[in-house]
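Reader: I am new to this structure and would like to understand the terms used for it. Could you take me through them one at a time?

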Amino acid sequence: MIPAEYAGNERRKGQRALAHIPVRIAQEDGDIVTETLNISRSGAYCQVNKRVELMTKLKIQILLPPAGSLSAARKNQKRSKTIHCQGVVVRVEPAAHNGRFDVAIFFSEIAQRDAESINDYVGSCFEQDHA
């Protein structure tokens, strides 16, 4: 959910879906397994159990669920898709009262078809909300 004070100041170009999607983040000091809080074609927001410094480069694996819309069915997206990409940490904030950290990741290197799959998934989330 977008906090009310930011609602009119949206800087992102693409839509975001509030979705809990499994993510594995590979770093030099070990992998972090978590899930997204929201996702868009250009990045993800998630909560992690250790601090990751700003501008840290990450290798990311996303297990994108099949999109739930008719357009996804026409594209034969009936099973989850594993997406491998690279990202950069663009924001880190302590999470409220649990010792974890909210992390915003920009997808710096992602295949066009994978970015489109994420975009289709996000679009299907909005279609379901308005159906």
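The questions and answers below go from the chain to one of its strands.

Author: This is a predicted model, in which local features need pLDDT of at least 70 and side-chain atom pairs count only at pLDDT 80 or more, while totals for chains, interfaces and linings use all residues. Residues are numbered from 1 along each chain as its sequence is written, and side-chain values use heavy atoms, with hydrogens and water left out.

Reader: What makes a stretch of the protein chain a helix or a strand, and how many are there?

Author: Helices (H or I, at least four residues) and strands (E, at least two) are DSSP runs, numbered from the N terminus. By that rule the protein chain has two helices and six strands, in the order β-β-β-β-α-β-β-α along the sequence.

Reader: Why is strand 4 said to pair with strand 5?

Author: Two strands pair if DSSP finds at least two bridges between them; strand 4 (residues 57–64) and strand 5 (residues 81–94) share eight bridges, in the antiparallel sense, and therefore count as paired. In one of these, I60 has C85 as its bridge partner.

Reader: Which residues of strand 4 lie on its covered face, and which on the uncovered one?

Author: The covered face holds L58, I60, I62 and L64, whereas K57, K59, Q61 and L63 form the uncovered face. In a regular strand, side chains alternate between the two faces of the sheet.

Note on methods:
Buried means under 20% relative accessible area, exposed over 50%, partly exposed in between (1.4 Å probe, protein chains only).
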